[in-house]
Amino acid sequence: MKPDLLQTYPLQPQIEAELQKRFRVHRWHEISDKQAFLQAEAASIKAVVTGGHIGVAPELATCLPALEIVAINGVGFDKVDLDQARERGFRVTNTPDVLTEDVADLAIGLSVMLLRQLVNADHHVRSGAWKRGEMPLGNKASRRRYGIYGLGRIGRAIAARLEAFNAEISYFSRQKQDVAYEYHPTAVSLASACDVLIVAAAATPETKHAINREVLEALGPDGVLVNVARGSLVDEKALVDILLAGGLKGAALDVFENEPHVPEALFGMRNVVLAPHIGAATHETRLEMGALVLANLDAHFAGRDLPTPVV
């Protein structure tokens with residue numbers, strides 16, 4: 001008999017087909033009467049597949065007494081209560097490494113889009129404004145001072161790409177690392193030493209609002225903020241206030257504190273580039289991520305070591 005699995009959001013069709021072969025799949029996102037479903041099926045759910053941006057609410061996990069594993073289709077695990085997992089004894093896995101390249105590529109893309117005003121340039125042509133005159137000049141992306149907040153897998157991949165831009169690279173991390181880049185012991189120090197601050201750290205209680213008003217003021221009116229990590233790392237209210245006051249040159253954001261809700265004040269800012277959390281949103285990477293989700297599930301139910309355990 002197939003184990004019961006709760007799927008919280010749509011996956012690639014190929015991955016969903018493989019899940020169907022292995023499990024009795026319940027699509028949480030398609031269930032209208034969730035309370036009735038839980039009353040009828042909760043006791044049989046042994047696995048949950050979810051996204052890093054969705055996770056599993058502690059209240060939902062509490063309703064699943066037979067839960068054995070939460071397989072996250074993503075690298076972030078901040079929306080799963082790891083203490084609850086340890087106490088209950090269910091496993092948690094994620095999909096690191098396979099999305100590193102895409103997120104790093106996006107960080108560079110957003111930086112170039114903002115500095116070279118590519119969104120505004122597109123609008124300048126489409127609106128017919130080019131016929132009336134040239135658009136304002138942008139800024140160089142090469143030979144600038146880039147600071148990376150978080151030099152983990154993704155941060156290192158961003159730095160490697162920036163080397164091709166002849167960039168001056170510095171970083172903040174929990175510990176000083178054996179790299180050629182300049183280390184800064186605080187986010188404020190890092191921000192004051194760079195033109196572009198790229199946020200690439202994991203979301204944890206310690207990193208919540210790590211990029212606060214003091215950091216943004218240190219970045220200054222000639223500075224640019226790029227966030228490809230999690231929205232919780234940036235104090236959005238402070239960011240909006242400082243942008244409105246002209247305290248930053250601009251921002252490029254792929255993530256937000258309360259997704260999919262975005263501060264409406266950002267919509268009218270021509271010095272802000274917005275993306276709907278697409279860091280790993282490529283066909284190739286989503287398939288690789290899904291394959292790793294399947295590998296973790298297969299290993300768990302076969303009694304083997306998990307390929308990428310978090311808990």
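How many Å separate the centres of domain 1 and domain 2, taken over C-alpha atoms? I looked this up before anything else, keeping in mind that the model is predicted. The centres of the two domains are 32 Å apart.

**Entry on the domains**

I noted the bounds next. Domain 1 is made of two stretches, 4-94 and 283-302, while domain 2 is the stretch 100-274. I then checked how the two parts meet. Five residues of domain 1 touch four residues of domain 2. Between domain 1 and domain 2 an area of about 420 Å² is buried, and carbon and sulfur atoms give 44% of that area.

I also looked for polar links across this interface. There are two residue pairs in polar contact, both at pLDDT 80 or more. The interface of domain 1 and domain 2 also holds one salt bridge.

I looked up a salt bridge in the chain and wrote down its partners. Asp-78 pairs with Arg-230, and their closest N and O atoms are 3.4 Å apart.

**Entry on the annotation**

I turned to the UniProt record. Its unreviewed entry places "domain: D-isomer specific 2-hydroxyacid dehydrogenase catalytic" on residues 11-310. I checked what the model shows over that range. Residues 11-310 are 36% helix and 15% strand.

**Entry on Asp-102**

Asp-102 belongs to helix α5, which covers residues 100-115. Is Asp-102 buried or exposed? Its relative accessibility is 15%, so I put Asp-102 down as buried, the cut-off for buried being under 20%.

I listed what Asp-102 touches, leaving out residues up to four places away in sequence. The contacts are Gly-279, Ala-280, Thr-282 and Thr-285. With Thr-285 there is also a polar contact between the two side chains, at 2.4 Å. I then took a distance to another part of the chain. Asn-73 is 29 residues from Asp-102 along the chain, and their C-alpha atoms are separated by 15 Å.

**Entry on the backbone**

Which residues does a cis peptide bond join? Glu-259 and Pro-260 are joined this way, with omega at about 5 degrees. Pro-260 sits in the loop that runs between β11 (250-253) and β12 (272-274).

Two residues went into my notes for positive phi. Asp-97 is not a glycine, yet its phi is near 75 degrees. I found Asp-97 in the loop between β5 (91-93) and α5. With 46% relative accessibility, Asp-97 counts as partly exposed.

Arg-143 is the other entry, also not a glycine, with a positive phi of about 55 degrees. Its loop lies between α6 (118-126) and β6 (145-149). Arg-143 has a relative accessible area of 61%, so I marked Arg-143 as exposed, since exposed means over 50%.

**Entry on helix α7**

I ended with the helix at residues 153-163. Which residues in helix α7 are buried? I wrote down Ile-154, Gly-155, Ala-157, Ile-158, Ala-159 and Leu-162. I then asked what covers the buried residues of α7. The cover includes helix α5 and the strands β6, β7 (168-172) and β9 (196-199). Helix α5 was already in my notes as the place of Asp-102.

Terms used. Residues numbered from 1 in each chain as written. Predicted model: local features only at pLDDT ≥ 70, side-chain atom pairs only at ≥ 80, totals over all residues. Heavy atoms only, no water. Helix = DSSP H or I, 4+ residues; strand = E, 2+ residues; numbered from the N terminus. Buried < 20%, exposed > 50% of the residue type's maximum accessible area, 1.4 Å probe, protein only. Contact = heavy atoms within 4.5 Å. Polar contact = N/O pair within 3.5 Å; in protein donor to acceptor, adjacent residues only side chain to side chain. UniProt positions renumbered as here; feature names shortened; annotations may be inferred. Domains from an automatic or database assignment. Buried area = accessible area lost by both parts, 1.4 Å probe. Salt bridge = Lys/Arg side-chain N within 4 Å of Asp/Glu carboxyl O.
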